[in-house]
Amino acid sequence: MSVLAEVTGSIGSVGYGLAAIGPGIGIGIVFGLGVQAIARQPEAYNLIFRNMILGFAFAEALALIGLVMPFVYGT
Amino acid sequence: MTAIALAAGALPAGTGTHTILAEEFHAPGLGLFEWEPLFNIGPVGVTKPMVLAVVLSGLLIAFFWAAFRRPQIVPRGVQNVGEVGYLFIRDDIARNIIGKKGDQYVPLLFALFFFIWTFNLASVIPIAQFPVTSRFGYPAVLAAIVYVTWVGVGIKAHGLGGFFKAQIPTGLPKAIYPLIIPIEYASNLIVRPFTHSVRLFANMFAGHLLIALFAITAWHFLVEQPTVLGFGVGIIGVLMTIVMTAFELLIQALQAFIFTLLAASYIGSALEEAH
């Protein structure tokens with residue numbers, strides 16, 4: 001079978017780039033909506049900010065697992 | 001390469017006796033996190049992160065000992081600082097997240113927050129320059145303590161059966177339960193301690209790697225292999241090292257806060273009445 005297209009080099013980096021898309025979108029949504037909520041109701045700042053940070057932490061964990069996995073499973 | 005890595009606090013001292021002039025740029029890797037034992041106590045090789053952990057814990061204990069040894073009604077000096085920290089944990093984390101029952105968990109949350117923050121801060125302290133929490137053992141044990149605590153608290157509050165029943169949300173269509181039960185158990189009891197510790201570990205790991213990367217870039221292009229074209233890259237490396245150090249200071253405090261916040265929210269959810 002002849003190879004029609006081949007990708008060489010640091011494929012792990014490409015994989016991590018792809019894996020970071022989802023959490024990136026998630027963190028964007030969390031902070032975007034959080035800022036919107038604070039703008040609508042500034043007196044609820046503390047409550048909103050705390051929940052914003054919680055949501056951020058959950059979304060961020062996915063990107064970080066993606067970062068760590070290549071080291072766990074090697075090249 | 002070895003010399004700069006030593007200068008950046010990246011490699012354990014004594015790994016390289018000969019200095020190799022690198023022909024091309026090598027990005028730092030996992031080697032940053034592997035330490036040769038400094039000395040041995042019996043069968044245990046004591047490495048730099050372990051020494052840092054003991055020294056920083058000692059400093060932390062000394063600080064809060066000084067702050068709270070003889071508490072005055074009108075606080076003076078270091079007691080002011082200690083009380084600001086205590087009130088932050090009690091009001092912003094324990095009472096806000098757990099509620100009225102939160103006060104009895106303040107000692108745990110207080111210790112967690114300040115130990116993690118101090119361990120993280122070691123990343124930017126000259127000479128130390130290594131975040132202790134970027135060795136997975138430290139966050140893993142801290143997450144295990146939190147896990148045992150919230151499971152114990154939940155079983156004590158609801159009984160064994162009640163605790164396992166409380167993990168499942170009620171009021172859903174019956175057909176969806178075979179799907180939701182394994183997902184809820186897996187995410188609450190198995191994945192939760194894992195992500196709790198990996199979040200802290202990976203943040204510190206990535207942050208240390210980033211700072212080291214820019215520091216080594218600057219060294220390589222400005223000192224080791226200075227070229228006309230590489231000069232700009234070296235300058236960017238210097239600036240980015242400074243920017244990333246400032247960013248790391250923010251991330252370190254934020255990660256300590258998030259770890260404590262999540263610990264409080266796990267305990268709070270375990271205490272909650274079944275819904």
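Me: Where in chain B does Ile127(B) lie?

Reply: Ile127(B) belongs to the loop between helix 4 and helix 5 (137-166) of chain B; helices here are DSSP runs of H or I with at least four residues, numbered from the N terminus. The model is predicted, so local features need pLDDT of at least 70 and side-chain atom pairs count only at pLDDT 80 or more, while totals for chains, interfaces and linings use all residues. Residues are numbered from 1 along each chain as its sequence is written, chains are lettered from A and ligands numbered from 1 in the order in which they are written, and side-chain values use heavy atoms, with hydrogens and water left out.

Me: Why is Ile127(B) called exposed?

Reply: The relative accessible area of Ile127(B) is 78%. Exposed means over 50%, buried under 20%, and partly exposed in between (1.4 Å probe, protein chains only). Ile127(B) therefore counts as exposed.

Me: What makes Gln129(B) partly exposed?

Reply: Gln129(B) is in the loop between helix 4 and helix 5 of chain B. Its relative accessibility is 26%, so Gln129(B) falls in the partly exposed class.

Me: What is to be noted about phi of Ile127(B) and of Gln129(B)?

Reply: Phi is near 75° for Ile127(B), a positive value in a residue other than glycine. For Gln129(B), also a residue other than glycine, phi is positive and near 45°. Most residues other than glycine have a negative phi.

Me: Why are helix 4 of chain B and helix 5 of chain B called roughly antiparallel?

Reply: These two helices of chain B pack at an angle of about 170°, with their axes 12 Å apart. Axes are lines fitted to C-alpha atoms, for helices over the stretch in contact, and angles run from 0 to 180 degrees between N-to-C directions. Over 145 degrees counts as roughly antiparallel, under 35 as roughly parallel, 65 to 115 as roughly perpendicular and the rest as oblique. Helix 4 is therefore roughly antiparallel to helix 5 of chain B.

Me: Why is Thr118(B) called buried?

Reply: Thr118(B), in helix 4 of chain B, has a relative accessible area of 17%, and is therefore buried. Leaving aside neighbours within four places in sequence, Thr118(B) is in contact with Leu56(B) and Leu60(B).

Me: What makes Met204(B) buried?

Reply: Met204(B) is in helix 6 (residues 177-224) of chain B. With a relative accessible area of 1%, Met204(B) is therefore buried. Not counting residues up to four places away in sequence, Met204(B) touches residues including Asn120(B), Thr133(B) and Glu248(B). The C-alpha atoms of Met204(B) and Thr133(B) are separated by 6.6 Å, although these residues are 71 residues apart along the chain.

Me: Why is Phe31(A) called partly exposed?

Reply: Phe31(A), in helix 2 (residues 21-40) of chain A, has a relative accessible area of 28%, and so counts as partly exposed. Phe31(A) touches Met52(A) and Phe56(A), not counting residues up to four places away in sequence.

Notes
Contact = heavy atoms within 4.5 Å.
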